[in-house]
Amino acid sequence: MRALVVVNAAGPWVDEVRRLDDARAEPLLRRTKGTHVVVPRHRLGNSYAVTLTSPIDGRVMFVLPWGDQSYIGTTDTDQGGAPDDVRATGDDVVYLLRSANAFFPQARLAPGDVVSTWAGLRPLLAPAHSGAASEVSREHRVVDSPSGLITIAGGKLTTFRVMAQDVVDRAADRLHELDGRPRAPRPRTDRLALPGGEAADLEVLVEAARARGASETTARHLVASYGSESAGVLNLADRDRPLGQPIVLGRPEIWAEATYAVEREMALRLTDVLMRRLHLFHEDRHQASGAAPRVAERMAELLGWDGARAAEELEAYGQEVERSRAFLQEVARAGRP
Ligand SMILES: Cc1cc2nc3c(=O)[nH]c(=O)nc-3n(C[C@H](O)[C@H](O)[C@H](O)COP(=O)(O)OP(=O)(O)OC[C@H]3O[C@@H](n4cnc5c(N)ncnc54)[C@H](O)[C@@H]3O)c2cc1C
């Protein structure tokens, strides 16, 4: 593959990608690990987001409602290992549950109550001096390598627009230097709605979805997830009625969403659909293990997978489920309740 400009926007992996370009490239990041646990919301009883201070170490934490579940996070610890190997450990889970139990004493959450977990590495900029993980800068930097590779490192989800603007401006400057092409005038992206975000009144969209036959919970779920694009999901169900059925009985997600994820949201793996698009991995109390084979079948039809590929996808999904629950063995070995 050849390109005039190459941008490295690999998040916590940017240093690995920089080393593909230059084996001696200095690391830009000091990565810290964060873990979340998902628990049944009725145990905590929170309808809204709650900020609390952990009595264990005084860190600020969040308990956020997520459908029938709530998630508790996060930890913030230094992590030297590879981003691919990160998972919730027994210590992480016990810390989060103990912190939440101190604030919600009636919840009495135990490791066995955890529906799912996830952990990741924050791509934080390496500081000039070492300090506590939570004190590391959340700012971002755009760095040019001698080869011409442009790397965007650091930042946060909440600063994605300014990060994108800075890195695209740098790439545009480079193209201008290379072949003299004019720099684009000031883009309008900070004034454009994100896809599905055009509507101000979501209740109108919920009513429209109800009028097209969606149940109340499915209508609310579709509008919360897709905004005005919920109409596009329902169009699929209009054309093929079974796509209007729930993927997991009793839950709001419908089969049309799996099709939409593949056709409109570039989902290529079973994990893309169940973890990163529909979140059934986190929200369903069985982590969609029962539905996964049928979702794989549906994806096989859409993407032309053969039986072996579908089996591989199921295997990979099962491994993610196991990884998210591996903490249970550590907790049991440590003899914790
Ligand atoms: C536990 C945790 C909690 C957080 N909480 C918050 C929060 O509350 N608020 C907030 O604003 N931010 C939060 N963040 C930070 C936020 O998630 C990151 O700053 C943000 O995701 C960075 O975006 P990015 O696009 O740079 O990287 P990413 O979102 O990580 O995207 C990088 C992409 O590059 C891909 N990639 C990697 N290597 C390659 C390769 N060789 N080839 C092709 N693709 C590759 C990866 O698969 C990935 O999709 C949190 C992070 C963690 C881990």
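In which sense do strand 4 and strand 5 pair, and over how many bridges? I started there and found the antiparallel sense, over 5 bridges, with strand 5 covering residues 69-73. For the record, I count two strands as paired if DSSP finds at least two bridges between them, and I take helices (H or I, at least four residues) and strands (E, at least two) as DSSP runs numbered from the N terminus.

**Provenance.** I am working on a predicted model, in which local features need pLDDT of at least 70 and side-chain atom pairs count only at pLDDT 80 or more, while totals for chains, interfaces and linings use all residues. Residues are numbered from 1 along each chain as its sequence is written, and side-chain values use heavy atoms, with hydrogens and water left out.

**Overall dimensions.** I noted 13 helices and 9 strands in the protein chain. Its C-alpha atoms fill a box of roughly 60 × 55 × 45 Å along the principal axes.

**Strands 3, 4 and 5.** The hairpin of strand 4 and strand 5 has 2 residues between the strands, and G67 in the turn has a positive phi of about 60°. On the other pairing, strand 3 (residues 50-53) is joined to strand 4 (residues 60-66) by 4 bridges, and the two run antiparallel. Here L52 has M61 in strand 4 as its bridge partner. The hairpin of strand 3 and strand 4 has 6 residues between the strands, with G58 at a positive phi near 75°.

**The sheet of strands 1, 9 and 8.** I next followed an open sheet of 3 strands, in the order 1-9-8 and with mixed pairing. Strand 1 (7-8) and strand 8 (140-144) are at the edges with a single partner strand each, so one side of each has no neighbour in the sheet. Strand 1 runs parallel to strand 9 (residues 150-154) and is joined to it by 2 bridges, with V7 and I150 as bridge partners. Strand 8 and strand 9 run antiparallel and are joined by 5 bridges, and H140 stands opposite G154 in strand 9. In the hairpin of strand 8 and strand 9, with 5 residues between the strands, G148 takes a positive phi near 110°.

Helix 1 (residues 14-21) lies across strand 1, strand 8 and strand 9, at about 155° to strand 9. Helix 4 (residues 160-179) lies across strand 1, strand 8 and strand 9 as well, at about 15° to strand 8.

**Helix pairs.** Two packed helices are described by the angle between their axes and the distance between the axes. I call angles under 35 degrees roughly parallel, over 145 roughly antiparallel, 65 to 115 roughly perpendicular and the rest oblique.

How do helix 9 and helix 11 cross? The axes of helix 9 (residues 270-277) and helix 11 (residues 292-303) come within 9 Å and cross at roughly 125°, and the two are therefore oblique to each other. I found L270, V273 and L274 in helix 9 meeting A292, V295, A296 and M299 in helix 11. By class, this contact has 7 nonpolar, no polar and no charged residues, where Ala, Val, Leu, Ile, Met, Phe, Trp, Tyr, Cys and Pro count as nonpolar, Asp, Glu, Lys and Arg as charged, and the others, Gly among them, as polar.

Helix 8 (residues 255-264) and helix 11 have axes that come within 10 Å and cross at roughly 40°, which makes helix 8 oblique to helix 11. W255, T259, V262 and E263 in helix 8 meet R294, V295, R298, M299, L302 and L303 in helix 11. I noted 6 nonpolar, 1 polar and 3 charged residues in the contact of helix 8 with helix 11.

Last, I looked at helix 6 (residues 216-226) and helix 7 (residues 230-239), whose axes come within 8 Å and cross at roughly 130°. L222, V223 and Y226 in helix 6 meet S230, V233 and L234 in helix 7, a contact of 5 nonpolar, 1 polar and no charged residues.

Conventions. Axes are lines fitted to C-alpha atoms, for helices over the stretch in contact, and angles run from 0 to 180 degrees between N-to-C directions. Contact means heavy atoms within 4.5 Å.
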